[in-house]
Amino acid sequence: MAITTAERRTRRRSGRAARTPYLLIAPAVVAMLGFLVYPMASVVYYSLQHYNVTTPWDNGFAGLDNFRSLLFEDPLFWQSLGFSARWVGVEVALQLVLGLALALIVNESFVGRGLARATVFSPWAVSGVLTTGIWILLYNPTTGLSRYLADLGLMRYGAAPLADPDTVFWAAVLAELWRGVPFFAILLLADLQSISRELYEAASVDGASRLRRFAHITLPHLKDAIILSTLLRCVWEFNNVDLLYTLTGGGPAHATTTLPLYVAAKAVQSHDFGYGSALTTAAFLILTFFSIAYLRLSRFGATS
């Protein structure tokens, strides 16, 4: 049976309509390939190469030599990975607890709540380098808090928290807490405001205490927000470079060197891009495995 001209036009219009969504998303797909896939593929490629600009005569295909070296011959890899795990665990746990406490406080109705919220959230708007500048001044042994604590007999004069291996970790943790706690406070406050007040009123009528209302209403409602925010913050803290680099430089004696800082030292400072790429690939695989395992074990999105 012959196809009429009207049917041909209808089919052409249908074909164009079917292709239009793909044409509209094509620029975004090309941009994603250019800015995400290509850099990732390049890192994997260079991780399989000996590529050090200071020794070009040794450059060439390395296979798995770089990965063998970091696993079995590089104690700094394991040291930096161990410190990264400690840093992420302590930071995220403290930020979550303090952020939740602040979110619960500023969620209540009181005079000056708007100003209190602005004050609580303001550190999140400060860059890592500027945050470092603030805390370097506070930790200055001559003009910072150390001097005033020494006047009170709580510290010795001339103490430098950032130069002492016994105190540098907690000094860096405190500086990052100041910047990181508002992240949890903002996200959790947004979710807190979506909880119906009728649930709390009904629980109060039934005689539930404030603690029971928190455990049986607030926490279950915040479950997914807590899981997602802690996952995002774990990834960000693992990749933390700006604050630690400018605050301690990874020292003293590699005491605060995270895996990303070690990557920067090998790739940028030592110009060993092949080994630096292998370290980056290892970090990517670790984060990917951790993210998948965390979401599965925490049952993110599950209704029960």
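**Close-up views of a predicted model**

**View 1. Confidence along the chain.** Across the chain, the mean pLDDT is 86, and 94% of the residues reach 70 or more.

**View 2. The largest nonpolar core.** Let's look at a group of 51 residues that form the largest nonpolar core. F77, W87, L188, L259 and L279 have the most contacts inside this core. Helix 7 (residues 168-192) gives the core its largest share, 13 residues.

**View 3. Around L259.** Which residues does L259 touch, leaving aside its neighbours within four places in sequence? The contacts are F77, S80, L81, S84, F238, L279 and A283.

**View 4. The largest pocket.** This pocket has a volume of about 340 Å³. Of its 13 lining residues, E108, Y200, R210, R213 and T218 lie nearest the centre. Helix 8 (197-205) and helix 9 (210-238) each supply at least two lining residues, and helix 9 gives the largest share, five. By class, the lining has five nonpolar, three polar and five charged residues.

**View 5. The second largest pocket.** Now find the pocket that holds about 210 Å³ of space. Its lining includes P39, M40, N239, T280 and F284. Helix 1 (5-47) and helix 12 (273-298) are the elements that give two or more residues to this lining, and the largest share, five residues, comes from helix 12. What classes of residue make up the lining of this second largest pocket? There are seven nonpolar, three polar and no charged residues.

Notes. Residues numbered from 1 in each chain as written. Predicted model: local features only at pLDDT ≥ 70, side-chain atom pairs only at ≥ 80, totals over all residues. Heavy atoms only, no water. Core = buried A, V, L, I, M, F, W, Y, C linked by side-chain atoms within 4.5 Å. Buried < 20%, exposed > 50% of the residue type's maximum accessible area, 1.4 Å probe, protein only. Helix = DSSP H or I, 4+ residues; strand = E, 2+ residues; numbered from the N terminus. Contact = heavy atoms within 4.5 Å. pLDDT = per-residue confidence, 0-100. 1 Å grid on protein atoms, 1.4 Å probe; cavity = no way out; pocket = protein on both sides within 12 Å on 5 of 7 lines; lining within 4 Å. Points joined across faces, edges and corners; volume = space filled by probe spheres on them. Nonpolar A, V, L, I, M, F, W, Y, C, P; charged D, E, K, R; others polar.
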